[in-house]
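User: I would like to learn how to read cavities and helix packing in a protein model. Can we go through an example?

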Amino acid sequence: MTKSFLHSGTFGDTIYAMNVIKLLGGGDLYLELNGMDKIAQKMWGGGDAGDHRGRYTQQDIDFIMPLIEKQSYITKAGVWNNEVIDYDLRDQYKQWARRDGKVENWLGNQTECYAATCGLDIQTHRKALLIDPWLDVEPIYIPGKSIVVNRTRRHIRRDTFNMKLTNDQMEHWIENDSLLDMSVFVGSEEEHSLFCEQHKCNIDYQPVRDMLELAQVIKGCEQFIGNQSMALSVAIALGKTFWCEVRVDYETIKTEHGYGDVWFPRANGHYF
């Protein structure tokens with residue numbers, strides 16, 4: 001019997017949730033429109049989803065759906081219309097790493113929390129949850145560009161804590177290691193402009209029409225450099241070599257389960 005799953009966003013969270021869908025043998029995946037605010041209200045007891053308020057929008061779903069539909073373990077995908085479901089992935093917040101606001105309560109990263117939501121033992125399935133890739137796409141190779149870069153403000157938070165806006169290691173790569181010559185930037189035009197402005201550099205911008213094309217560009221590179229974002233989730237899900245710039249609050253605190261909800265202890269992963 002085909003299993004059914006429900007998720008409400010956003011992009012990166014859905015990608016991490018798909019790890020568990022594959023682990024459970026696949027099935028139908030439904031996405032809820034405008035569900036993020038309800039999740040936030042359950043988590044915080046009020047308010048909205050902040051930067052994610054109002055999502056998933058139909059535009060969001062149109063952007064991610066081509067990538068979801070390409071996965072062999074997804075039997076059907078679409079907008080949720082109150083179909084009966086077997087696994088409500090929206091409940092992942094109940095396993096959320098910083099339970100009661102304490103980092104020490106960290107249950108695990110994103111994939112581990114989704115596994116626990118579905119009743120799976122995270123130690124038994126450690127390899128599938130942390131090491132094995134779970135997305136597959138045909139690569140797009142960009143001649144002379146072996147590195148894909150993305151950087152978002154929201155999950156770095158240097159401005160929140162009045163810190164220098166750039167990371168010393170990233171600055172070193174740009175100044176000394178010809179990083180820009182070998183790279184393209186993916187993400188929004190605003191993110192690209194901000195990266196160039198803050199790092200006083202110019203890096204080629206690679207627009208994509210949807211999340212499938214984004215995944216194909218990342219699949220075709222040799223290395224991804226970024227921070228917590230939908231692009232990072234795709235790189236990790238594809239099993240690519242990745243370097244992740246950590247956010248400056250809780251991701252700098254070591255716990256039993258690493259340094260945050262995007263911590264994957266892989267030989268080809270590096271956090272800086």
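Analyst: Start with one cavity lining. In this predicted model, the second largest cavity is lined by 7 nonpolar residues, 1 polar residue and 1 charged residue.

User: Which residues line the second largest cavity?

Analyst: The lining is made up of I140, Y141, I142, K145, V148, V184, V217, G220 and C221. The volume of this second largest cavity is about 40 Å³.

User: How many cavities of 30 Å³ or more does the structure hold?

Analyst: There are 2 cavities of that size. The largest cavity contains about 40 Å³ of space.

User: What lines the largest cavity?

Analyst: Its lining consists of R151, T152, R153, E191, L194, F195 and Q198. Sorted by class, these are 2 nonpolar, 2 polar and 3 charged residues.

User: Now the helices. At what angle do α3 and α8 pack?

Analyst: Helix α3 covers residues 58–69 and helix α8 covers residues 211–219. They pack at an angle of about 55°, and their axes are 6 Å apart.

User: Why are α3 and α8 called oblique to each other?

Analyst: Angles from 65 to 115 degrees count as roughly perpendicular and those under 35 as roughly parallel, while those over 145 are roughly antiparallel; the rest are oblique. The angle here is about 55°, so α3 and α8 are oblique to each other.

User: Which residues meet where α3 and α8 pack?

Analyst: From α3 come F63, I64, P66 and L67, and they meet M211, L212 and A215 of α8. By class, this contact has 7 nonpolar residues, with no polar and no charged ones.

Notes: Residues numbered from 1 in each chain as written. Predicted model: local features only at pLDDT ≥ 70, side-chain atom pairs only at ≥ 80, totals over all residues. Heavy atoms only, no water. 1 Å grid on protein atoms, 1.4 Å probe; cavity = no way out; pocket = protein on both sides within 12 Å on 5 of 7 lines; lining within 4 Å. Points joined across faces, edges and corners; volume = space filled by probe spheres on them. Nonpolar A, V, L, I, M, F, W, Y, C, P; charged D, E, K, R; others polar. Axes fitted to C-alpha atoms, helices over the stretch in contact; angles between N-to-C directions. Helix = DSSP H or I, 4+ residues; strand = E, 2+ residues; numbered from the N terminus. Contact = heavy atoms within 4.5 Å.
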